[in-house]
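Subject: the structure you were waiting for

Hi there,

Here is the structure I promised to pass along. Have a look at it first, and then read on for my notes.

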Amino acid sequence: MALDQSFVGRSHPPTDPYEVGREKIREFAEAIGDANPAYTDPEAAKELGHPDVIAPPTFVFAITYKAAGQVVQDPQLGLDYSRVVHGDQKFTYTRPVRAGDRLSVTSTIESIKSLAGNDVLDIRGEVHDEAGEHVVTAWTKLVARGADEEAGRA
C-alpha cells in the first residue's frame, strides 16, 4: 500500500527534552571507536573552546531517530514498519552537542516517493536546546521495501 502523500510537510510537536550526559557521550564514543579526547575529557574540550565534553557528530542520531519513530507510527500514514530499512542519514550542525544540553526534536516529513516498488520517506529533525537555539538538523531516509510479487500470489 502506498504511503499517504498528504503527510508531506506535516510536522510533529517537539519531543520532551533529552538531557545529554557525559557518560552517554563517553559510551557512544567508545562504541564507535573514536578516541577523540574532546568526547571524554572536559579539560581537552575546554582547550578547544567548548564548555564541556562534546558528542561525536552521529550521537544525535539516537534522539532524532526516536523522534522520527513517532512520525512513522501514525497508522494513517500507512507504513508497515516491519518492512522498513534505514536508507541514509545526514546532519548539518550549528554547534556541537555538549554534555548538559537538553535537546528537543521537531520532526517533519519532507517527502514521500515510490521507487522500484518501494516507498521512500524523508524526515527532517530540527534539534534545539532548551533556550530554543538551533543545534543540528538531521535528515533520515527510511525505505519501506515493497512486498515480493511471489509472496502476493501465495
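This is a predicted model: local features need pLDDT of at least 70, side-chain atom pairs count only at pLDDT 80 or more; totals for chains, interfaces and linings use all residues.

Below is what I found in it, going from the whole chain down to single residues.

The mean pLDDT of the protein is 91, and 95% of the residues score at least 70. Confidence is highest in strand 1, at 98, and lowest in helix 4 (residues 149–153), where the mean is 45. Over residues 149–154 the pLDDT is below 50, and beyond near neighbours in sequence this stretch has zero contacts in the model.

**The overall picture**

The protein has four helices and five strands. Starting at the N terminus, the elements run β-α-α-α-β-β-β-β-α. The C-alpha trace spans about 60 × 30 × 20 Å along its principal axes. There are 154 residues, and 40% of them count as buried. If you take the contacts between residues at least 6 apart in sequence, 69% of those join residues at least 24 apart. The accessible surface comes to about 8,600 Å², with 51% of it belonging to carbon and sulfur atoms.

The five strands make an open sheet in the order 1-3-4-5-2, with antiparallel pairing. Its edges are strand 1 (18–19) and strand 2 (84–93), each of which pairs on one side only. As a reminder, strands of a sheet pair through backbone hydrogen bonds, either parallel or antiparallel.

Strand 1 and strand 3 (residues 102–115) are joined by two bridges, in the antiparallel sense. Here glutamate 19 stands opposite arginine 102 of strand 3. Strand 3 also pairs with strand 4, again antiparallel, this time over eleven bridges. Within that pairing, lysine 113 has valine 120 of strand 4 as its bridge partner. Strands 3 and 4 form a hairpin with two residues between them, and alanine 116 in the turn has a positive phi of about 50°.

What lies across the sheet strands? That is helix 3 (residues 61–72), which lies across strand 1, strand 2, strand 3, strand 4 (118–128) and strand 5 (134–144). The helix runs at about 55° to strand 3.

Isoleucine 112 sits in strand 3. Is its side of the story buried or exposed? Isoleucine 112 counts as buried because its relative accessibility is 7%, with the cut-off for buried being under 20%. Leaving aside neighbours within four places in sequence, isoleucine 112 touches Leu3, Asp4, Gln5, Phe7, Val8, Leu77, Val120 and Leu121. For a sense of scale, isoleucine 112 and aspartate 80 are 32 residues apart in sequence and 14 Å apart in space, C-alpha to C-alpha.

Threonine 137 lies in strand 5. Threonine 137 is also classed as buried, because its relative accessibility is 7%. Beyond neighbours within four places in sequence, threonine 137 is in contact with Lys90, Phe91, Thr92, Arg124, Gly125 and Glu126.

Aspartate 52 is in the loop between helix 2 (42–47) and helix 3. Why does aspartate 52 count as buried? Because its relative accessibility is 13%, and buried means under 20%. The side chain of aspartate 52 makes a polar contact of 2.9 Å with the side chain of arginine 22. Setting aside neighbours within four places in sequence, the contacts of aspartate 52 are Arg22, Pro42, Ala45 and Ala99.

That's everything from my side.

Cheers

How values were computed
Residues are numbered from 1 along each chain as its sequence is written. Side-chain values use heavy atoms; hydrogens and water are left out. Two strands pair if DSSP finds at least two bridges between them. Contact means heavy atoms within 4.5 Å. Axes are lines fitted to C-alpha atoms, for helices over the stretch in contact, and angles run from 0 to 180 degrees between N-to-C directions. pLDDT is the predictor's confidence in each residue, from 0 to 100. Buried means under 20% relative accessible area, exposed over 50%, partly exposed in between (1.4 Å probe, protein chains only). A polar contact is a pair of N or O atoms within 3.5 Å; within protein, one must be able to donate a hydrogen and the other to accept it, and residues adjacent in sequence count only if both atoms are side-chain atoms. Accessible areas come from the Shrake-Rupley method with a 1.4 Å probe; for residues, only the protein chains shown count as cover.
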